[in-house]
Amino acid sequence: MKDKINIIFLFLLLLSCMNVYGKNNKIDSLLKVFNKTKSDPIHISLCLTIGDLYESTNPDSAILFYKNGLSLAKKINDKKSESTFLRYIGIVFYCQGNFDLAIGKLLASLTVDSLRLIKSSDKKFKRSIQSGMADCYNNIGIINRAKGGYDIAIKYYLKSLKINEELLSGVKDKGEIHGLKQSIATCYNNIGNVYNSQNSYDKANDYYSKSLVIRIEINDKVGMAASFTNIGSINEDKKLFSVAKEYYLKALAIVLELNDRKYIGVCYNNIGQVYCQLGDMKKAMEYYKMSLKIREEIGDKNGSSIVINNIAELFVLMKNYNEAIKFSERSLTIAKEIGALEIEKNAYKHLSTSYERINNPLNALKYYKLFYEINDSLFNTEKLKQFSDLETKYQADKKQKEILILEKDRKIQIVEINRQKIFRNSFVVGFTLMILLTIVIFKSYRQKKKANILLALQKKIIEGKNEELNQSNEEIRSQRDEIQSQKNKLENIYEEQTDSIIYAQRIQQAVLPMENYINEFLHEYFILSKPKDIVSGDFFWITKVNSWTLFCVADCTGHGVPGAFMSMLGITLLNEIVRKEDITKASDVLNQLRKRIIESLKQKGIDNEQKDGMDMAFCALNMNT
């Protein structure tokens, strides 16, 4: 797995350039001043400066001073410092791999800045607040991309880019222009990272190139190293390994000059990746180990997990599967701790491959399923439909077999009931004959002895018939219990099928846009949705691409479960057409949708062919024009 560089703040560049010995002396001097003064504003300023100095070498101490400064800022109601401390704490949490905590702090910083922006009337002050908010949006995007939330990451990157471009259009100060251009280049770079993660290499390369042009213009060396690294990753994905290596070495030369340990670790990892692709396992392992050593020293959990994962992959290629399993599990532990789905996915892949090669199919299948689930959630929604189709077919076949069994049992029961009727009728006839015979015996007194013998014989017959009747009654009771059992079984089957469809309804409702999501784009609207059945063939959909708000309502052929499948297919295809391919023109979207439905349902226009499809009203609304 390659590392793609994200630039967070300009002060990180300054920190990376400091001499360690000089930094320690400066910290000691500042701590003496901190202990002597009693002024809260001075303490706040010192907490910020000391935290900056500690950030790259001792992040836990940096957080301690930032939190101390945050408490003092809240105490004296210094909202600007409060927002800054929250933002800096979030950045340190991100560097440590505590993604959720980082996002929480950055969102808190945005909340404080939003209130400051509302209350402020000074234009220059507002510009400063907006610049800080743009940094927050960008960093939230970085963290979401690391977690595998690519759509959320793009959303925040674009928010940051919009603010910076608006600020740049109205500024004349050279220093401020430099800072804004640097931020815009960062946004371009990070958007390119998302497209690269989705294997959209051409789009990724476009954004990386835009970023590099700006960084060369403003002589942003850290930014240039990031661009060289990311363009190298594109060439590596295209299997142009020599070209990729050249770009990685350019990036390494810059960060070695700046003594930026974090980015040195990134470059070592990427160069190791290229050597691995070229088949030089010894060189690859050498660079991986150098990268891992740096990242563990600076407490970079995300970076450490990436390198450990790469070492596991290297052991797989070297056919040392036991070592591959050990490093994969180590990487997986860190990835789960920090919530990095992409790293977790690759660890499962290496575990599955390793267990397969050592002839352990159970573990191989187990980890392949886990890999497939994460991979499907990150990249593929079409597989979900295929699994759903297979599950539905399986349930239908199972139900049909149960119906056949019940029908066979019913026929057996009918035969048994007819046999019991014959026994009952025979008993009635026999009993009648016995009465008639008794009358004859009483009337034939002279034949008493003969009659007594006959009576004894009839008694035995009656006893036999009684025994047969008792057996018949027992069998009737048994059949009655069996019928009741079958009735309960049918009721359970019906209840399970109904529950399954209700669960399908929850799934269908989950993919429909939520009200709070729609409210981001539309204000005066209403939705009336009253499905005939539990699940529906009607659906509505909305999304936003750049300045376009796209929404539609659709009526699919069929209703109930068939209609619901068509609606899920429609929503899936719309998401692919609009979000992945950036198609915003209504007619183009509908044409693409029609084409893909025909392809998905394999419709060829022949007689007696299925005519499934959907009627749709589709609107593309430009919010700017």
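**Ground rules.** I worked from a predicted model, where local features need pLDDT of at least 70, side-chain atom pairs count only at pLDDT 80 or more, and totals for chains, interfaces and linings use all residues. Residues are numbered from 1 along each chain as its sequence is written, and side-chain values use heavy atoms, with hydrogens and water left out.

**Entry 1: α4 and α5.** I looked up helix α4 (residues 59–75) and helix α5 (residues 79–96). Helices (H or I, at least four residues) and strands (E, at least two) are DSSP runs, numbered from the N terminus. The two axes come within 9 Å and cross at roughly 160°. Axes are lines fitted to C-alpha atoms, for helices over the stretch in contact, and angles run from 0 to 180 degrees between N-to-C directions. That angle makes α4 roughly antiparallel to α5 (under 35 degrees counts as roughly parallel, over 145 as roughly antiparallel, 65 to 115 as roughly perpendicular, the rest as oblique). I noted the crossing of α4 and α5 as left-handed, meaning that the near helix is turned anticlockwise from the far one by less than a right angle.

Next I listed the contact, which means heavy atoms within 4.5 Å. From α4 it includes Ile63, Phe65, Tyr66 and Leu70; from α5 it includes Phe85, Leu86, Ile89 and Phe93. By class, the contact of α4 with α5 has twelve nonpolar, three polar and four charged residues. Here Ala, Val, Leu, Ile, Met, Phe, Trp, Tyr, Cys and Pro count as nonpolar, Asp, Glu, Lys and Arg as charged, and the others, Gly among them, as polar.

**Entry 2: α16 and α17.** Helix α16 (residues 321–338) packs with helix α17 (residues 341–357) at an angle of about 155°, their axes 9 Å apart. That makes α16 roughly antiparallel to α17. α16 passes α17 in a left-handed crossing. Among the contact residues I found Tyr321, Ile325 and Leu332 of α16, and Tyr348, Leu351 and Tyr355 of α17. The contact of α16 with α17 divides into ten nonpolar, four polar and four charged residues.

**Entry 3: the sheet.** I traced an open sheet of three strands, in the order β1-β2-β3, with antiparallel pairing. Two strands pair if DSSP finds at least two bridges between them. β1 (538–545) and β3 (614–622) are the edge strands, each pairing on one side only. Neighbouring strands are turned by 10° against each other on average, direction ignored.

β1 and β2 pair over eight bridges, with Asp538 opposite Asp555 in β2. Their hairpin has two residues between the strands, and Asn546 takes a positive phi near 55° there. β2 (residues 548–556) and β3 pair over nine bridges. Ala554 stands opposite Met616 in β3. Helix α22 (residues 560–580) packs on the sheet and touches β1, β2 and β3; its direction makes about 10° with that of β1.

Is β1 enclosed or open? Six of its eight residues are buried, so β1 is largely enclosed by the rest of the structure (buried is under 20% relative accessible area, exposed over 50%, partly exposed in between; 1.4 Å probe, protein chains only).

**Entry 4: two residues.** Leu53 lies in helix α3 (residues 40–55). Leu53 is buried, with a relative accessible area of 2%. Leu53 and Lys32 are 21 residues apart in sequence and 15 Å apart in space, C-alpha to C-alpha.

Ser183 lies in helix α9 (residues 174–197). Ser183 is buried too, at 15%. Leaving aside neighbours within four places in sequence, I found Ser183 in contact with Asp135 and Asn164.
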